[in-house]
Amino acid sequence: MQEVTAEYKATQLHSHTNSKRKESHSLHALNSNANAAMVSSERILAPVAVLGLHLLLLANVAFHRSHLLTPFTSPHVVRALAEWSLALLALVAYLRTVCRDPGILTEPTERPDSAAAREVARATEAELQPIGRAQLEAMAEDVEDPGEEIISLEDLGGEMNEVIAMPEAMPKLEEPSAPSARRRHPWQEQHMQSGAKLRFCKACQMHQPLRTKHCRDCEQCIRTHDHHCPWVGTCVGEGNRVYFFWFLIFQWLELAVFLFESCMTFREKGLVPSMWLVRAPLLLVGIGVKCLLLLMVTCLVCFHSYLALANITTWENMSWHNISYLKGLDPEHGSPFSQSLSFNLAVYFCSKSAIRRGSVKETEDGWILWELGEQHDPLEYICCKICSCFDEE
């Protein structure tokens, strides 16, 4: 009766464990599918929204400026073509940023569904299997049956005293041989780069090179990760950050030019606010939107110009003390990846050219292989030079 009860409890425990495991796997699969759906929808909706707003603002200005509507018949044809070319450059830079690979890490490593992981799963599954009557009887045959003999405490005490008196008589556990030693998993291995230990991303099952970060929005590890941009719908990283920078430059110029054209409309037709609220309310709304966007893009252009000159990413600038290879360094002394002003600009704007010249090393698939060095802040050097010139005067 006791054996049947134990077997029933073991069976119930096994079924409960399996149900919990299946439930966790199903929840993980649902979360992965939901995240993938959100990423794919963001990659589509973000460009559609940005391009739609861009076209509306352009049409809002062109409708009130005759030389923009009919550039080839206008006396200001050169001016009109220059303004439309600027808008086209901003559009091309934006599409290149969206379509370009930001630097997704694709290092081939052992996945959880590999042979080693399947062996571990089978071993775990075997441990959770309920023990049946036949297995209990087979285990009982290997143990010496004392029969009906009653073992007294005195006998046990005497034997225990002998074992305690002679510790060398105690059985020793045999160490596992090399073939039977436990296999190390990828996350247990140590990978080094430029003297720094690389982190292991459990989501992507890969070791992250220096300056690589896992983006929870994209569900990918991105090389030289800068930030995840909701207006682009993807990350800004090593592969597309130069196009993102040129998009900011052209977008800033476009906003400034078309804001100027909107204000010129008021000047030519009279600055009467009550009249324009009735005749062209959308033009006033467009001016307000362009002023707000111009302020935002101005801040982004200044900030990313600083990042390019100092060879720092947005992630490193915001989370310096939380990054393993930067924790013990003072951010006031500059980035350990910075060498000189020309070097920083070369690896930012012309990374392939810098690799060909040997300024930086590259990986097998053509990405930059960053190396830690002495901290260097070229902006501090420039500021010191400027201050010294003023002191001499």
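**Surface and overall make-up**

The accessible surface of the chain comes to about 25400 Å², and 63% of it belongs to carbon and sulfur atoms. The model is a predicted one.

**Exercise 1.** Determine how many helices and strands the chain has, and what percentage of its residues count as buried.

*Solution.* Begin with the secondary structure, which comes to 13 helices and 10 strands. Then turn to burial, where 33% of the 393 residues count as buried. Finally, consider the contacts between residues at least 6 apart in sequence, of which 62% join residues at least 24 apart.

**Exercise 2.** Identify the residues with the most contacts inside the largest nonpolar core, and say which helix gives the most to this core.

*Solution.* The largest nonpolar core has 23 residues, and those with the most contacts inside it are Y94, V232, F244 and F247. Helix 3 (77–99), helix 7 (241–269) and helix 9 (281–310) each supply at least two residues of this core, with helix 7 giving the most, namely seven residues. Next, take F247 and leave aside its neighbours within four places in sequence: F247 is then in contact with A90, A93, Y94 and T97. Apart from this core lies another, of 17 residues, among them F337, F343, V347 and I355.

**Exercise 3.** Decide whether C218 is buried or exposed, and find which cysteine sulfur is nearest to that of C218.

*Solution.* C218 has a relative accessible area of 13%, and because buried means under 20%, C218 is buried. The nearest cysteine sulfur is that of C235, 3.5 Å away, and C218 is in no disulfide, since a disulfide requires sulfur atoms within 2.5 Å.

Terms used:
Residues numbered from 1 in each chain as written. Predicted model: local features only at pLDDT ≥ 70, side-chain atom pairs only at ≥ 80, totals over all residues. Heavy atoms only, no water. Core = buried A, V, L, I, M, F, W, Y, C linked by side-chain atoms within 4.5 Å. Buried < 20%, exposed > 50% of the residue type's maximum accessible area, 1.4 Å probe, protein only. Helix = DSSP H or I, 4+ residues; strand = E, 2+ residues; numbered from the N terminus. Contact = heavy atoms within 4.5 Å. Areas by Shrake-Rupley, 256 points an atom, 1.4 Å probe, with all protein chains shown as cover.
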